[in-house]
Amino acid sequence: MADTIGVPDPAARSGLSVRAATVRYGGVVAVDDVDLDVAPGEIVGLIGPNGAGKTSFIDGVLGFTPRSGEVTIDGRVVSRSGPHRIARLGLERTWQSPDLFGDLTVGENIDVGNRPGHPVRTLLQDVFRRRRPMVVPADLLEDFELSGRLDSVPSTLSLGQQKLLGVARALVSDPSVLLLDEPAAGLDSTESRHLGRHLRALADRGLGMLLVDHDMDLVFGICDRVVVLEFGRVIATGTPSQVRSSPAVIAAYLGAPDTSVTASTPTTTERTS
């Protein structure tokens with residue numbers, strides 16, 4: 001089937017659908033026949049041990065790594081498309097490290113996300129149109145508590161603020177679904193909860209998200225559903241409570257609960273449904 005490329009109507013967004021995704025590195029199968037959906041306004045957690053295939057899945061879906069299977073964004077099949085065309089259709093990502101440009105200001109780092117299209121065309125525009133006006137939505141700065149830091153450089157921000165800046169940059173192009181690769185890595189529990197509140201607020205306004213992280217308080221606190229990988233295959237999927245109590249998941253990843261610790265009150269990132 002040929003890929004169908006076009007700019008989606010925001011009102012008609014249906015999210016991300018992946019069917020039979022498989023990623024191979026030589027003779028090693030890193031992702032093995034994985035199905036996964038992310039609906040608008042839904043946060044789906046993707047967890048599993050190191051080497052389970054989580055980042056390989058993201059790289060495959062986005063076209064950075066060769067992958068078989070079908071990927072659909074808002075009803076448009078993009079299985080054979082390159083990363084820049086997939087981004088144009090509404091699928092963006094963040095990286096395990098903030099991956100910010102140290103010689104650009106906070107505002108300029110966000111503005112980088114305003115440059116969709118073919119990478120060669122974008123490069124030529126950057127070289128020959130140096131004075132292109134910077135576009136940074138004021139509400140985005142306010143949402144991520146960066147309003148007073150527009151002219152600051154990333155090195156003056158805390159790690160938690162740098163992670164929020166990375167998310168803000170990914171959102172400036174108004175994606176349909178955001179793929180987050182370990183956004184809480186390196187954060188302490190307070191910073192992680194703060195990040196979780198921002199992510200949950202974005203989902204409640206209609207953004208779909210796939211969250212890969214090892215911070216189980218974050219994942220189980222803000223996700224609507226959780227998918228668990230082991231050796232590239234899905235071994236469990238369900239609500240956070242279902243996954244947390246799954247014997248297969250406990251054996252493969254979570255480990256047995258510590259019964260010597262009494263239950264504590266839910267964190268502020270946990271949903272109260």
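## Overview

Helices are DSSP runs of H or I with at least four residues, and strands are runs of E with at least two, numbered from the N terminus. The model described here is predicted. On that basis the protein chain has ten helices and ten strands. The chain has 273 residues, of which 45% count as buried. Among contacts between residues at least 6 apart in sequence, 70% join residues at least 24 apart.

## Isoleucine 58 in helix α1

Isoleucine 58 is found in helix α1. Its relative accessible area is 0%, under the 20% limit, so isoleucine 58 is buried. Leaving aside residues up to four places away in sequence, isoleucine 58 touches Arg93, Leu179, Leu180, Asp181, Leu210 and Val212.

## Salt bridges around arginine 93

In one of them the side chains of aspartate 59 and arginine 93 meet, at 2.6 Å from N to O. Aspartate 59 belongs to helix α1 (residues 54-61) and arginine 93 to strand β6 (residues 91-94), so this bridge ties together parts that are 34 residues apart in sequence. Aspartate 59 and arginine 93 are both buried.

Aspartate 181 is buried, as is arginine 93.

The side chains of aspartate 204 and arginine 200 form another salt bridge, at 3.1 Å from N to O. Both residues lie in helix α7 (residues 189-204), four residues apart, which is about one turn of the helix. Aspartate 204 has 51% relative accessibility and therefore counts as exposed. Arginine 200 has a relative accessible area of 9%, so it is buried.

## Packing of helix α6 on helix α7

How are helices α6 and α7 oriented to each other? Helix α6 (residues 159-171) packs with α7 at an angle of about 20°, and the axes are 10 Å apart. Angles under 35 degrees count as roughly parallel, so α6 is roughly parallel to α7. The crossing of α6 past α7 is right-handed.

On the α6 side, the contact involves Gly160, Leu164, Val167 and Leu171. These meet Glu191, His194, Leu195, His198, Leu199 and Leu202 in α7. By class, the contact has six nonpolar, three polar and one charged residues.

Is asparagine 109 buried or exposed? This residue is found in helix α3 (residues 106-111). Its relative accessible area is 0%, so asparagine 109 is buried. Apart from residues up to four places away in sequence, asparagine 109 touches Leu100, Phe101, Leu104, Pro154, Leu165 and Arg169.

Arginine 88 is placed in helix α2 (residues 83-88). With a relative accessible area of 44%, arginine 88 is partly exposed. The C-alpha atoms of arginine 88 and aspartate 174 are separated by 9.6 Å, while the two residues are 86 residues apart along the chain.

## Positive phi in two loop residues

Glutamate 145 has a positive phi of about 55° although it is not a glycine. Glutamate 145 lies in the loop between α5 (138-143) and α6. At a relative accessible area of 48%, glutamate 145 is partly exposed.

Glutamate 182 also has a positive phi, near 50°, in a residue other than glycine. Glutamate 182 is in the loop between β7 and α7. Its relative accessibility is 16%, so glutamate 182 counts as buried.

Note on methods. Residues numbered from 1 in each chain as written. Predicted model: local features only at pLDDT ≥ 70, side-chain atom pairs only at ≥ 80, totals over all residues. Heavy atoms only, no water. Salt bridge = Lys/Arg side-chain N within 4 Å of Asp/Glu carboxyl O. Buried < 20%, exposed > 50% of the residue type's maximum accessible area, 1.4 Å probe, protein only. Axes fitted to C-alpha atoms, helices over the stretch in contact; angles between N-to-C directions. Parallel < 35°, antiparallel > 145°, perpendicular 65-115°, else oblique. Left-handed = near helix turned anticlockwise from the far one by under 90°. Contact = heavy atoms within 4.5 Å. Nonpolar A, V, L, I, M, F, W, Y, C, P; charged D, E, K, R; others polar.
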